[in-house]
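This report describes selected features of one protein model. Please examine the sequence and the structure shown below before reading on.

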Amino acid sequence: MSNNHVRNLQTTVLSDNWYTLRKATYELLGRDGEWQAQQREAYDRGNGAVILLYNRAEGTVILTKQFRLPTYLNGNEDGYLIEACAGLLDEHNPKDCIRKETEEETGYKITQLQKVFEAYMSPGSVTEILYFFVAEYSKDMKVSDGGGLADETESIEVLELEFSKALEMVKTGEIKDAKTIMLLQYAQINGLLS
C-alpha cells in the first residue's frame, strides 16, 4: 500500500473483539502541495457479497429479514431490517460465497449468477468492498427452508415479495438497507422484471 500521496502510515489496533478496529496516523499530500498530518479510524470486517434473487415470470424477488443491532442502536425501533441475501467472503471467492450464503439464508440453490458491480459501502470508516450479484430463481431451485445457520446465531426470515411492492417499500422506508436498495434499483433500471 504505497503511493505518492500518503506517507508515514502507522496503524494501531484499537479492538479485535469482533472484527478489527485500527487507528491510523499518516500524512496526506494536499491539493496545495503541502503534507497534512491526519488521524482516522478504520473498521475492517472483511469483504462481502450480496445477491438479488428475482423471478421474471412471477415478478417477484427474494429478500430476508433479520435483527441488526447497529440499526437498533440508531433508531430502528425493532432492529429488524429487510435486506438482500449477503455474507462475508471469509476464505471464499465472491461467487462461491454468495452461492453458499444464498442456500443457507434463503434455501435456494443457484447455479447461474451475474456479477453486476462492486462498491465500497462506507468508505469513510469501513474497509469493506461488497460484490453485487443478481440471479434468477424458480420454485424448483428451493432445497430447504433457509433461515441461516443456528451455529452462527442466525434467525433469518425469508420473504418473497412482488417486485413492485419491494420498490414501494423503499419509498415508504420499510426497506432502508443500502445494498438492497442498490440492487432493486439495478433491477429496475436494467428491466430484469416487468
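A nonpolar core is a set of buried Ala, Val, Leu, Ile, Met, Phe, Trp, Tyr and Cys residues joined through side-chain atoms within 4.5 Å. Buried means under 20% relative accessible area, exposed over 50%, and partly exposed in between (1.4 Å probe, protein chains only). The model is predicted: local features need pLDDT of at least 70, side-chain atom pairs count only at pLDDT 80 or more, and totals for chains, interfaces and linings use all residues. Residues are numbered from 1 along each chain as its sequence is written, and side-chain values use heavy atoms, with hydrogens and water left out.

The largest nonpolar core has 27 residues, and Leu52, Val61, Leu63, Val134, Ile175, Leu183 and Leu184 have the most contacts inside it. Among the elements that each supply at least two residues of this core are strand 9 and helix 4 (178-189). Helix 4 gives the largest share, five residues. Helices (H or I, at least four residues) and strands (E, at least two) are DSSP runs, numbered from the N terminus. A second, separate core of 17 residues includes Ile62, Leu89, Tyr108 and Ile110.

Tyrosine 131 lies in strand 9 (residues 129-136). Contact means heavy atoms within 4.5 Å; beyond four places away in sequence, tyrosine 131 touches residues including Ala49, Leu89 and Phe117.

The table lists relative accessible areas.

| Residue | Relative accessible area | Class |
|---|---|---|
| Tyrosine 131 | 15% | buried |
| Asparagine 8 | 47% | partly exposed |
| Aspartate 90 | 56% | exposed |
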